[in-house]
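The sequence and structure come next, followed by the description.

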Amino acid sequence: MPSAPPASAPRREPRPLDADGCVELARIERSGLIESRHLGAAAVVDRDGTVLRAVGDIEATTFPRSALKPLQAIAMLELGARFTDAELVLATASHCGSPEHLAVVEGMLRADGRDAAALQCPVQAPLGFDERAARAAQGLAPTRVTLNCSGKHAGMLRASDAVGGDPGAYLDLDHPVQRHVVDVVERFTGEPVHLSGFDGCAAPLHATSLRALALATARVAAGTTPEAARFMQAVAAEPWAIDGRGRANTLTIERLGGIAKLGAEGVVVIGTPSGVAVAVKVLDGSMRATTPVALGVLARVGAIDADAAAELIERTSERVLAGDRPVGSLRVSLD
């Protein structure tokens, strides 16, 4: 069981990442000129809490955004909610909105005697460009289910049922599901929650240090509790569900095993089955450097194979083009 923070430990005053706490993580080169630079911080931590590499201010307070979802899903399991593999991965997903994803979420709701009206997330078009365009071409309007967080909300409703909670209040901070999420976050991160707020999908969100987020991810990836092991079994079985076929998180899991999870505003976590994880925060919130940087720093500490990292960086990096012709690239700067 991951160690809990000391009972007497106070909630830390939040200290957001700023320019002084950042280093260059990646750069965009076009036709021989550095066109853009991405600044941020990254922490590589093993399951025992040893910091293997610190890049920038890893004690800065960060909202993990959707990178918190693995801990939220583990909280659902601890409360007694039961899921198929695909349902459990959808409960932690930021899905692209493919028909496969929507079918799983709709099936979860039906199995629990509900429909999309029970979800308290907003109506939003699919996250994936192709999926959004396909629905628009069919004249299909956005729904609550097409929001990328809909599986998490369906999972929270199932967890509410498991403890006899009020399904109409499942997003309240004092609901049993949300109180238990805080407990899980603090146990896996080993520190008190810095600050609680709300995510874009309306669910409660809890801030941690970047170091603690990497530690929690390492503990999840290593399956350090029965619920974490069950979670990782599901991710290994259904990696398509966490993101989408051919998308960054899914590709990373398929190639490396473990867990990969993007979060809005420039956050990503990647954890290996051996129990080493990285958490990255890009200062300006840009997402395009997150996965390449995370893979690069894991390779540099020897946590993943360098050739596998290079292959994935190539597959997940935004192309720099002149028409259809490559004229540059995104390069990780962590030498």
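Helix α7 lies across β4 and β6, running at about 105 degrees to β6; contact here means heavy atoms within 4.5 Å, and axes are lines fitted to C-alpha atoms, for helices over the stretch in contact, with angles from 0 to 180 degrees between N-to-C directions. Helices (H or I, at least four residues) and strands (E, at least two) are DSSP runs, numbered from the N terminus. The model is predicted, with local features needing pLDDT of at least 70 and side-chain atom pairs counting only at pLDDT 80 or more, while totals for chains, interfaces and linings use all residues. Residues are numbered from 1 along each chain as its sequence is written, and side-chain values use heavy atoms, with hydrogens and water left out.

The open sheet has three strands in the order β4-β6-β5, with antiparallel pairing, where two strands pair if DSSP finds at least two bridges between them. Its edge strands, β4 (61-62) and β5 (195-198), each pair on one side only. Between β5 and β6 (residues 204-209) there are four bridges, and S196 stands opposite H206.

## The cavity

A search of the whole structure finds one cavity of 30 Å³ or more, a cavity being a set of points on a 1 Å grid over the protein atoms alone where a 1.4 Å probe fits but cannot get out.

Helix α7 gives the most, with four residues. The lining, which includes L213, A216, I259 and V269, has nine nonpolar, one polar and no charged residues; Ala, Val, Leu, Ile, Met, Phe, Trp, Tyr, Cys and Pro count as nonpolar, Asp, Glu, Lys and Arg as charged, and the others, Gly among them, as polar.

## Strand β9

All seven residues of β9 (residues 276-282) are buried, so the strand is largely enclosed by the rest of the structure; buried means under 20% relative accessible area with a 1.4 Å probe, protein chains only. V276, V278, V280 and V282 lie on one side, and A277, A279 and K281 on the other.

Strand β9 pairs in the antiparallel sense with β2 (residues 33-46) over seven bridges, G40 standing opposite V282. Antiparallel pairing with β8 (residues 267-271) covers five bridges, one partner of V278 being I270. Four residues separate β8 and β9 in a hairpin, where G275 in the turn has a positive phi of about 90 degrees.

Key: 1 Å grid on protein atoms, 1.4 Å probe; cavity = no way out; pocket = protein on both sides within 12 Å on 5 of 7 lines; lining within 4 Å. Points joined across faces, edges and corners; volume = space filled by probe spheres on them. Buried < 20%, exposed > 50% of the residue type's maximum accessible area, 1.4 Å probe, protein only.
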